[in-house]
Amino acid sequence: MEPIQRQKRTNIKRNRPQLQNKYSLDERGSIVSNYEGDDNSFESSDGTPVICSSSNSSYEYTTSSDGQSLPEFIGNDENAPEIFKAPRRAAVHPKRPPFLELRPHPLRETQVGKFLRTIESTDTQLWAGEECGVRVWKLSDAYEPGIGVGGRARRGDEEAAPFYESVSTAPTMCLAIDCGSKLVWSGHKDGKIRSWNMDEELNDDPFQEGLSWQAHRGPVLTMAISSYGDIWSGSENGVIHVWPWEAIDKSLSLKIEERHMASLLVEKSYVNLRSQVTSNGVCNISSQDVKVLLCDKLVAKVWAFGTSSISLWDARTRELLKVHNVDGHIENRADMPSVQDQGVEDEMNVKVVTKLKKEKPQGFLKRSRHAIAGAVRRAASKSGNEETKLKTEAVVIASNGLIYSGCTNGIILQWDGNGNRIQEFSHHPCSVLCFCTYGSRIWVGYVSGIVQVLDLDGVLIASWVAHNGPVIKMVVGNAHVFSLATHGGIRGWSIISPGPLDQIVRPELSKREQIYKRRENIKILVGTWNVGQGKPPHDSLMTWLGSAVSDVSILVVGLQEVEMGAGFLAMSAAKETVGLEGSAIGNLWQDAIGKVVDEGSTFERVGSRQLAGLLIAIWVRATVRTFVGDLDAGAVACGLGRTFGNKGGVGLRLRVYDRIMCFVNCHFAAHLEAVNRRNADFSHVYRTMAFSRSSHLLNNASAGVSSAAQGPRGINPVESHPGKGKPDLAEADLVIFCGDFNYRLFGISYDDARDLVSQRSFDWLRERDQLRAEMKAGKVFQGMREAIVTFTPTYKFDRGKPGLGGYDSGEKKRIPAWCDRILYRDNRSSSALECNLECPVVASILQYDSCMEVLESDHKPVRCKLNIEIANVDRSIRRQELGKIINSQKAKNCVHNELHFVPKTDVSTNRIVLQNQETSSFKITNKSAIDSAIFQIICEGQAIIEEDKQDLVYSSRGAFGFPRWLEVLPASGVIGPDQVADVLVRHEDFHLTELLDGFPQTWWSEDAHDKEVILKVVLRGNWSSEKRSHTVHIRHCYSARSTQPESSKNNGSGKNSEGSCSKKHSEGSGSKKHRGTNKKHSEGSGSKHGSKQSNSDDGRSLNGSEKDKKS
């Protein structure tokens, strides 16, 4: 290698900062000895003061061991805030419970038309509603490997546990589980309600729907099944319909050939609650969309929640009991005209009018003015009325009968069963999106991706980041809490987490890292160019990019000054206020680059983001496109008042082999003396860059993504993670900054700089580089890396002049400078770390140069090629390994007591006889002195007693609901240690005398026959998935003739009364036509039936005829 030529100049000192490795590098990367001494006192040739920070902070060079990577300079991060340091990673998160990844996070692009919106679960199945139907997982297959690789699953579900999909339908908005009828009900965007058979034989063919009918003109937003088996459905504009079980039951009994008749039968049976409470054009309930319907089976009521209004209904009589707002104040709605006077037709009229209004074109300036005015009004409204933040997003009823509602500001409200607000509390500032409850715990899911576990008093037990996106739904099934994130990922958390099981699973799973770890290697080319408002030249683009992309997988291009001028900047700022971006010139540049890299064949353009003159775009090679996606965009203005985009940054965030990579293109403040402003620009961009969906994200179906999949409306991405305390860039595994940073050379004259450039004495020039000095002082780009600059300064040139003679020859004679740079930060906290699951992204630089041949701008384009090593997880294999650990004897022994313990309980009687309007009771006694018992009473079936028949056929109602003539209070609750629960059973007359939908509906009215129902008292422990039960027979004797003599003595005392009819008890099988389960009961079929008192076995024993098998 040729020796470096240096000429001694009197106006340039040879003093150099001491390097850690005692060596510096020349312009070709050769190692040379350092000069002695370092006083850090530089002067320019004209005597002007140095415009640069001075610091003794350490910095370092790193040299590669592979002989191919370039040496790098690393910015000082010794005293930098945590946000500038690499995020910590691990094979198994040390502060999060281990989880069952039923469906790994799929790339957004793979989910077009298939986004999951909601989930529901039984003990054996998990059902999910998606944009094209429903799908179901058998939880017995939860730990099985994925079926996508060479299997039947489409892209995005390769690593998901085996599942089955339905035929195509309109988007599913909500689900409801009906275990009594073995049905899953789904509400859809087209206004239909559909049924799906739980016992359907599942195979590779899509399974068919059962009964369906048109329930609403608008979408079915929410559903609930009441204590009496009725289906309640809510839609837009506050519309609530009730679908009586009697009509549904009759329709289910019809043959498949009579499906159309069955649908009409149900459609004509509905009860419109909104019209019931409307009088003289005034409606007593809100016209807000029905967000949540919640059935309180403890006291047989139904709650209907809008965003800020709540109505409470009697589940049996369907009477309106109370209307109040989220403050708990009773609402007087006399001044609110009804939107229902004209029936459901008004829903369509509103939509038609809205559509006609949208068709009227508005000028751009008018839209901008309206948008700005709207933003001002919203800001004033928020500051003036904090109570508007109390908007309901989610609701749940706990085992103690209290209701909990979550709001958009993170506040959780607690209500009693009568609609009285008890208290409020908050543990996280983000919006609450979902709840679920099991035993004495409440699980809360937030828009930030955090899940919290609370006790029934609202005390925080545990908190962790469950997903890297909003948690939109949680359900309980098979001893797990399953959480659904907005991106479609589903994870299962043990119902006893956090707990001792986590301490067994976490280290065992970490030990098996080598089994499920995978390694990938790709190359990324990053280019930056200040194009000076020029047009895209094909030959220059070929020189800059076309010659270097042959072996790269991802191409990132950042351009500055694509368009400038005061008019364009003002127009760009106005566009940003109404969500518009991009320009014709920006698209022209992207198309020109696409031609150079063979877009459409070799590369695919993934997306872009433009802010005024700043533009960043990404292309991905077709061979790796399957593993790249979830592109989000962000922009930060640093111009006048942090509003104009002439300076600032635009960024794109990408998932590559399940690792997060961020690319940011910046243009910072100009002029030699503006070092502090440039530092401030970087800090502002880094701290405030927030990524979200962009209108210019190409080929990822941005137009087709559901609002549910994009997360709740109106949520600022910056506000989604306030509790984390870290900006989006700090959470990325790889961050690459490129752009015109505008850092200049200090302490040197124009002539001296040109002489040193012509002599290629770049090591001297690097010592006068403002950027390197500021990085050394830890004031900017803390901890970031840059290859040693060995190319000529890229600014400023006369357009069209080749070679070194092209430097600025004008009057100002701007000093040559390395304004255009590319820096990065990976997962390494030290240079010695290798790529593994604790340090999953390790980068090195293979090429870093400029293109002096390009003459169209006053800047030269710069390019940097990086080699990226990526460690990721084979989710399917890890799920299998987790299953082996969970099924090990050690883990089973750990969870045995928690999951299988049910306190010993007694029920005072197993038989009660009621006459008309009569009330009786029975007692449930918890015999445990330590543990609480949780009970729920369901109706397994009702039979009609006929004198000429000995066998009784029992028919269950929807969701094991009670017949309308029977009230059971309370039907669920918690019994403390050594405590007793009194359960009242009451006969009530119930006659449907109103006309429903204009027709007399008398065919389902209660008849005058004697009847008998089987009540099942289901008991479990605080966290147990095991259940035990008692059975109580309730007979209603319509006439005194059919009442046994001893029953008259009972007189509601709760003592046993023997019936006169024999009964057979056998399990019925659900039919393929979705019929309810029928049962026959016989006297003495269970050991408890003829006894005075029914006892459950001690829950710590796993034997006993009363115990339900765990599904």
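Asp 982 and Lys 923 join their side chains in a salt bridge, 2.5 Å from N to O; the term stands for a side-chain nitrogen of Lys or Arg within 4 Å of a carboxyl oxygen of Asp or Glu. Asp 982 lies in strand β54 (residues 980–987) and Lys 923 in strand β49 (residues 919–926), so this pair ties together parts that are 59 residues apart in sequence. Strands (E, at least two residues) and helices (H or I, at least four) are DSSP runs, numbered from the N terminus.

This is a predicted model, in which local features need pLDDT of at least 70 and side-chain atom pairs count only at pLDDT 80 or more, while totals for chains, interfaces and linings use all residues. Residues are numbered from 1 along each chain as its sequence is written, and side-chain values use heavy atoms, with hydrogens and water left out.

**Salt bridges**
- The count comes to 54 salt bridges by this rule.
- One of them joins Arg 316 and Glu 967, at 3.8 Å from N to O.
- Arg 316 sits in the loop between β22 (309–314) and β23 (320–325), and Glu 967 in strand β52 (residues 966–969), 651 residues apart.
- Both Arg 316 and Glu 967 are buried (buried is under 20% relative accessible area, exposed over 50%, partly exposed in between, with a 1.4 Å probe and protein chains only).
- A network of salt bridges links Glu 101, Arg 491, Asp 630, Arg 655, Asp 658, Arg 875 and Arg 878.

**Aromatic rings**
- The whole structure holds 27 aromatic pairs, where rings of Phe, Tyr and Trp (its six-membered ring) have centres within 6.5 Å; planes under 30 degrees apart are stacked, over 60 edge-to-face and the rest tilted.
- Phe 99 and Trp 493 make a tilted pair, 5.2 Å centre to centre with 55° between the planes.
- Phe 99 lies in the loop between β4 (72–74) and β5 (100–103) and Trp 493 in strand β34 (residues 490–494), so the pair ties together parts that are 394 residues apart in sequence.
- Ring pairs also gather Phe 84, Phe 668, Phe 682, Tyr 686, Phe 737, Phe 741 and Phe 781 into a cluster.

**Helix α16**
- Which residues of helix α16 (residues 889–900) are buried? They are Ala 891, Cys 894, Val 895, Leu 899 and His 900.
- These buried residues pack against α6 (500–511), α15 (875–886) and β58 (1027–1036), with contact meaning heavy atoms within 4.5 Å.
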